[in-house]
Amino acid sequence: MGLFDNLALGFSTALSVQNLLFCLFGVLIGTLVGVLPGISPLNTTAMLLPFTFGLAPTSAMIMLAGIFYGAQYGGSTTAILVNVPGETSAVVTCLDGYQMARQGKAGPALAIAAISSFFAGTVATIVIALLSEPLATLALKFTAPEYFSLLIMGLIAAVVLAHGSPFKAIAMVLVGIMAGLVGMDVNAGVPRLTFGIPDIADGMDFVPVVVGLFGIGEVAANLEIPQDRSILSAKIKNLMPSWADFKAAFPAILRGTSVGTILGILPGGGAALPPFAAYALEKKVSRHPERFGTGIIQGVAAPESANNAGAQTSFIPLLTMGIPTNPLMALMIGALMIQGIQPGPSMIHDQPALYWGVVASMWIGNLMLVVINLPLIGIWVSMLRIPYRLLFPAIILFCCIGAYASSNSVFSVWLMLGWGALGYFFNKVGVQPAPMVLGFVLGPMLEENFRRTMLISGGDPLVFIERPISATLLAVAAALLVVLIFPAIRKKREEALQE
Amino acid sequence: MQKSRGDIPGIAFGGFLILLAIVALIETRNLTVGTAADMGPGYVPRALSLVIMAFGLVIAGRGLFTGRRPLPAIKLRPILSVLVSLAVFALLLPRGGLVLATLSTMACSTFSSADYKWRESIIFAVIITAFTVVLFVYGLGLPLAVWPRW
């Protein structure tokens with residue numbers, strides 16, 4: 001099938017009334033959580049995951065994807081209007097966006113944010129469509145050693161791109177792998193690390209672990225920081241940016257989209273890193289770097305296009321190889337597996353309607369965001385008036401119900417409690433839980449492919465470097481480790497992440 | 001000079017890793033390890049425990065000899081009442097039903113923050129409870145009892 005046939009199939013799937021409704025629902029929920037600080041797309045997805053069990057797989061994926069990129073969009077609205085980044089990915093947008101709003105240019109800033117996001121979303125959708133077939137075909141050639149090396153490279157890349165000490169991040173990946181080993185050993189049928197608890201004989205459920213770490217832990221940490229919100233009450237007028245704004249923003253949108261598209265594909269990239277990188281790049285190429293932070297349009301266009309492009313291209317490794325590059329993609333894998341679909345290179349051929357439907361829905365969802373959201377900005381901003389003291393008991397409650405619903409057992413709530421306490425501990429000792437979640441999801445795959453390889457090679461570890469694809473992947477992983485070890489490059493990395 | 005040393009978060013994290021490794025080694029003590037060519041169920045977890053142990057020792061050890069960095073302030077009230085809220089939900093749901101569990105959880109978590117206001121919190125809790133019951137039990141058909149059964 002050619003690309004156009006595939007896209008035609010995708011659009012015919014995504015344009016069914018039911019899927020359009022779920023797409024709309026997803027982007028609206030996503031925008032809402034994007035607007036509200038303290039609720040991330042990650043814990044929203046985790047909370048809503050149990051409710052997708054009853055949906056058709058395509059509808060479920062379309063809705064969950066909508067939440068993710070909708071949230072990137074909503075985060076920028078509050079960043080511009082209120083100087084509160086609804087999501088970490090919108091932190092950079094605050095710098096120039098809020099300054100523009102203070103100068104009475106909130107309208108153009110919001111419009112440029114929307115247009116950049118839409119442009120980036122369109123490009124990212126095309127990139128996904130173009131790369132899918134070749135990547136999936138390549139991945140079909142993979143056997144156990146290649147998969148093992150790919151997973152190793154992915155985990156190391158995630159560590160390189162994570163904030164904070166890389167050494168501690170590697171330790172967290174290992175802790176995650178250990179947590180992933182809990183449950184029945186597939187080969188021998190023996191329970192491992194279960195402490196005799198029957199509820200975790202099949203492994204720990206995904207939802208309570210992630211919601212506990214990110215949802216509960218975050219709420220508890222947020223409560224210690226005084227919440228401060230002042231709302232810009234000025235009316236937003238003349239939404240349309242001027243031609244000059246447009247001309248100034250366009251090159252920044254192109255650069256931001258490229259940066260976002262590339263970083264999104266890398267493990268650990270996702271939506272948080274690209275806006276920082278794009279902003280730094282814009283500053284470098286600008287003839288007036290000192291004007292950044294004073295409310296110039298490039299400072300909104302670049303990070304906004306980058307975060308949307310990154311959010312979307314981070315689906316590529318998941319859809320073509322079944323490998324999640326960030327915790328949210330890990331949740332998506334959970335959603336697919338619950339639906340009985342094994343994510344991986346064969347998905348594109350076995351489930352073409354699902355695959356291309358999700359890809360097409362991303363473009364439709366981006367269009368919806370532009371058309372629906374600009375008129376709704378007033379509503380989103382009024383949502384910010386709900387104080388956190390009312391919001392967080394509801395968050396906690398929905399976490400509880402979500403955990404319960406994932407297994408129909410209160411044991412999941414207890415499990416979430418334990419992971420919540422652990423998440424709080426990690427927060428206090430200053431380590432990021434994200435690498436751990438990747439380890440948790442990839443751990444079982446890693447072990448299985450390792451054991452299978454060793455069985456085939458008769459215990460000879462050289463097999464990993466004797467096979468060309470595997471050797472290449474490990475070489476990349478080694479190069480990334482070198483980056484971490486050399487202090488000069490390490491300093492650069494810290495500067496880049498600091499920006 | 002003694003007092004100016006020690007990265008407390010680093011030591012705490014290293015200690016956590018060591019503890020985790022020890023617990024994992026004890027729990028997997030009866031599993032077959034096997035050989036590299038034919039691994040038993042114990043091979044990977046036990047090898048992993050040793051690596052985690054090494055990481056823990058290095059991180060904690062480095063923490064002991066670097067400059068002083070205290071643990072960030074811990075406020076007991078938020079974290080404890082959040083955890084208690086979860087426990088209340090887990091304890092009440094099976095026999096007390098969704099309404100009782102929801103209201104109690106909302107009440108407990110409301111107290112985690114110092115600046116709650118009685119009236120608005122009660123009104124909000126009642127609205128959310130009604131919403132929860134309608135959405136989850138009638139809308140999504142979760143198998144949950146709404147009212148207590150004694």
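Asn408(A) counts as exposed, because it has 12 C-beta neighbours inside 10 Å, and the cut-off for an exposed residue is 12 or fewer. The model is predicted. Where does Asn408(A) sit in chain A? It is in the loop between α17 (388–407) and α18 (411–429). Its backbone also deserves a look. Phi of Asn408(A) is near 55°, a positive value in a residue other than glycine. Most residues other than glycine have a negative phi.

Now turn to helix α2 of chain A, residues 17–35. The helix has 19 residues, and at 1.5 Å a residue it should span 27 Å. Which residues of α2(A) are buried? Among them are Asn19(A), Phe22(A), Cys23(A) and Gly26(A). The list also includes Val27(A), Ile29(A), Gly30(A) and Thr31(A). Val33(A), Gly34(A) and Val35(A) are buried too. An α-helix has 3.6 residues a turn, so residues three or four places apart point the same way. The cover over the buried residues of α2(A) includes α1 (3–14), α3 (41–48), α4 (57–82) and α16 (352–383) of chain A.

Next comes the contact between the chains. It takes 56 residues from chain B and 50 residues from chain A. On the chain B side, α1 (8–27), α2 (43–65), α3 (76–110) and α4 (118–139) each supply at least two residues. The largest share of that side, 16 residues, comes from α3(B). What classes of residue make up the side of chain B that touches chain A? It has 39 nonpolar, 12 polar and 5 charged residues.

Notes
Residues numbered from 1 in each chain as written. Chains lettered and ligands numbered in written order. Predicted model: local features only at pLDDT ≥ 70, side-chain atom pairs only at ≥ 80, totals over all residues. Helix = DSSP H or I, 4+ residues; strand = E, 2+ residues; numbered from the N terminus. Buried ≥ 20, exposed ≤ 12 C-beta atoms within 10 Å, placed from the backbone. Contact = placed C-beta atoms within 7 Å. Nonpolar A, V, L, I, M, F, W, Y, C, P; charged D, E, K, R; others polar. Expected span 1.5 Å × (residues − 1).
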